[in-house]
Structures are given as structure tokens and as C-alpha cells.
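Hello,

Here is the structure I promised you. Please open it and keep it beside this email while you read.

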Amino acid sequence: MEPYLMTAKTLSGLESILAKEIEELGGLKVEKGKRIVYFEGNDGLMMKANLRLRTALSILIPFAEFQAKNENELYQETLDIPWEDIFSLRNTFSIQAVVGGEYFNHSKYVALKVKDAIADRFRKVTGRRPNVDPKDADYQINVHINRDRCTLSFDSTGKTLDKRGYRLKSNEAPINECLAAGIILKSGWDKKRCIYDPMSGSGTFGIEAALIGRNMAPGMKRRFSFQNWADFNQELFYQIKDELKAEETALQTEIYCSDIEKQNLSIITENAVRAGVINDLTIEHLDYFKSSKRCDSGVAFLNPPYGERMNLDHSKETYKAIGDQLKQHYTNCDAWVISSNMPAMKAFGLKAESKEMVFNGGLECRLQHYKLF
């Protein structure tokens with residue numbers, strides 16, 4: 001099969017990490033955009049991307065592109081596509097739209113016009129129309145309009161790839177799984193230094209580190225939209241899963257997850273069991289301000305309370321104390337701290353090696369890296 005174009009959606013700030021992941025998988029003509037990475041590959045690579053990529057949110061496959069400056073042109077161009085050759089009346093479908101520019105400014109209306117065109121095409125050809133399933137459709141169609149350029153893509157993923165399937169429970173302000181993995185990959189962790197997740201919450205940093213450390217594909221336990229498609233190659237899919245399973249290795253270091261809240265320990269444990277890494281984590285009931293490093297060196301990942309959702313009082317004093325704990329008890333370590341509380345981050349009391357903006361759950365955050373000598 002000839003390689004075809006795919007687009008991998010991601011979070012702002014993770015484009016370079018995702019591009020590197022795709023190149024390592026064998027993606028061709030990899031090109032970064034804003035919150036997206038373009039690449040080419042075959043069906044095997046599409047499946048592997050869904051199973052293996054840690055910083056992608058979804059893998060889209062563009063299949064139609066046309067020009068439209070108004071709703072009538074959008075409707076007619078969509079109506080002209082032979083949808084009956086792509087899926088059947090037995091299948092369900094859904095539409096998600098993203099629009100930008102002067103011609104279209106209501107994404108829900110665009111989605112409605114595309115849905116109507118598809119339904120009308122089926123009625124015209126077959127006399128009936130397939131059902132719409134907004135939650136779990138067999139064919140999830142993505143509409144992207146930039147000015148007058150309209151691109152229709154199939155979403156091969158379904159539920160976004162940050163939904164690994166292990167985190168059924170979480171604490172009040174969890175970090176996105178793709179973002180946690182991206183931060184770990186940004187850190188340049190060599191899989192040999194100890195990992196510290198001392199404000200563990202639901203254990204996301206520790207679990208993602210274990211998955212990376214063991215070379216485990218994060219999507220192995222979930223289902224994808226492409227498995228509903230008429231041309232789904234089940235034999236190839238399970239062959240790829242077997243290959244990825246054979247690439248797993250043993251963890252070469254220690255990962256410490258601790259939290260002051262007792263109820264969080266059971267959440268971390270349950271999530272780690274579902275992720276298949278429970279034996280790779282040391283889970284402890286421990287106040288961060290009584291914690292310290294366990295190895296000669298290591299990497300600490302912290303997602304402290306932001307204040308917006310948790311009504312954190314005296315945030316500047318708290319953040320200064322967090323910085324002091326790192327400085328005094330995590331020497332010879334690297335620390336990566338993410339927070340949306342910018343004034344509190346300035347009170348950290350440590351000189352940052354790097355600073356960048358990222359987004360966690362819609363909140364604009366700052367990610368800062370500290371070297372602790």
C-alpha cells in the first residue's frame with residue numbers, strides 16, 4: 001500500500017516531542033504545525049501510531065479537500081462525496097468541526113450542514129440514512145475549515161489517546177496523561193535515574209514514567225475507531241500488538257510515588273494495576289515536606305496545587321516552601337514543575353534552567369526545569 005497523509009493532534013508545546021516519536025516509529029515526511037504534526041505512512045503505521053505514541057491526542061486521516069465560502073458550497077461538496085462506498089447503513093457516524101477565518105464562524109452549524117449532506121446522500125442513493133452516534137460512532141468525521149479550505153478527515157482514534165484506560169479515578173486536579181508523558185520525554189530521562197513523584201495525586205507521572213521505562217505502548221488496553229472500519233485488517237492489528245509486546249523490557253531503576261492524602265494511595269494503586277505497572281512503583285503515604293531523595297541522583301516531577309480549583313491560601317509561601325524542600329532534600333537531582341499559578345511560581349526561590357508555556361486541562365501553565373546542585 002502506498003503511504004498516505006496522516007495528522008497527529010497534540011497539546012501546545014509538545015509538537016517537537018511528538019514529531020520525534022513519529023520519526024522513531026518510521027513516519028515519513030514529518031512536519032510540525034501548531035498543535036499538530038503531519039506525516040505519511042501505511043495502515044500498519046496508523047495502527048502503531050495509535051498504540052504507541054505517548055504525546056498524540058488523535059490520529060486523523062484526511063480523505064477529501066475542497067473550497068467552500070458559504071454553507072451551500074459546503075453542503076454540495078460534501079453531498080458529492082460517495083459516502084455509500086465508504087460506510088454502510090449499519091454503521092453510525094458523527095461529525096466534529098473546527099473552523100477559522102471570515103467565511104465560517106460557527107463550528108456546530110458547520111457540523112450540522114456536513115451531517116445533513118451525508119444523510120441526504122444516503123437517502124438519495126439508498127432511500128435510508130445511517131444513524132448518528134455523537135458519543136461512540138463507528139466513523140468519526142473531523143471537519144477542519146481554514147478560511148475557504150475545507151478538509152474532511154476520519155478520526156482513526158475515537159476517544160483521545162490521553163484516555164489510556166488506566167485512570168478511572170483521579171484526584172481533584174490531575175495532569176493530562178499525554179502532557180505528563182511529554183514532560184518526562186522533554187526531561188531527557190535516561191531510564192536509569194530514579195524518578196520521584198512526591199505530590200503524586202492519581203499517580204500519572206509515576207505511571208507514565210513506568211510505561212516509558214519499560215517501553216510499554218500506552219494504548220495496548222484500549223479500543224480504537226479504526227477497528228470499526230470496513231477495511232480493518234484484524235490480523236495486521238494483532239501482529240503489531242504482538243510486536244510491541246515483545247519490545248517491552250524490565251524497569252532499570254526505582255520510581256517513587258507518594259502523597260499526603262491517604263485516599264490518593266488507593267487511587268494510585270488501582271491506576272497502576274490497570275496500567276500493568278504496579279510492581280514497578282513504590283507507593284507511600286508521605287508528606288512532601290518530609291520527603292527526600294532515595295538515590296544519588298534522580299528526576300522529580302511536581303504538579304503542585306494551582307490555586308484556581310483548590311482554593312490554595314498563601315500560595316506564594318507554599319511554593320517557596322516547595323522550592324526549599326527541593327533545594328535542601330533533592331540535591332543532585334533535576335526537578336520539573338508545572339503550575340498555572342504564575343505569581344506563586346516566581347516565589348519558588350530557585351533559578352530555572354528553562355521555562356515554557358503548556359496547557360493542562362485548558363489551563364495555561366508554566367513548565368519550569370530546575371537543576372538542584
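Below are some notes on one helix and on the aromatic rings.

This is a predicted model, where local features need pLDDT of at least 70, side-chain atom pairs count only at pLDDT 80 or more, and totals for chains, interfaces and linings use all residues. Residues are numbered from 1 along each chain as its sequence is written, and side-chain values use heavy atoms, without hydrogens and water.

Buried means under 20% relative accessible area, exposed over 50%, and partly exposed in between (1.4 Å probe, protein chains only). Among the buried residues are Phe-205, Ile-207 and Leu-211. The buried residues of α6 pack against α5, α8, β8, β9, β10 and β11, with contact meaning heavy atoms within 4.5 Å. Asn-215 follows α6, and its phi is positive, near 60°.

Now the rings. The whole structure holds 21 aromatic pairs. Rings of Phe, Tyr and Trp (its six-membered ring) pair if their centres lie within 6.5 Å; planes under 30 degrees apart are stacked, over 60 edge-to-face, the rest tilted.

Why does the pair Phe-63 and Phe-154 count as stacked? Their centres are 4.2 Å apart and their planes sit at 15°, so the pair is stacked. Phe-63 lies in β4 and Phe-154 in β7, so the pair ties together parts 91 residues apart in sequence. Phe-63 is partly exposed, at 28%. Phe-154 is buried, at 9%.

Best wishes

How values were computed
Helix = DSSP H or I, 4+ residues; strand = E, 2+ residues; numbered from the N terminus.
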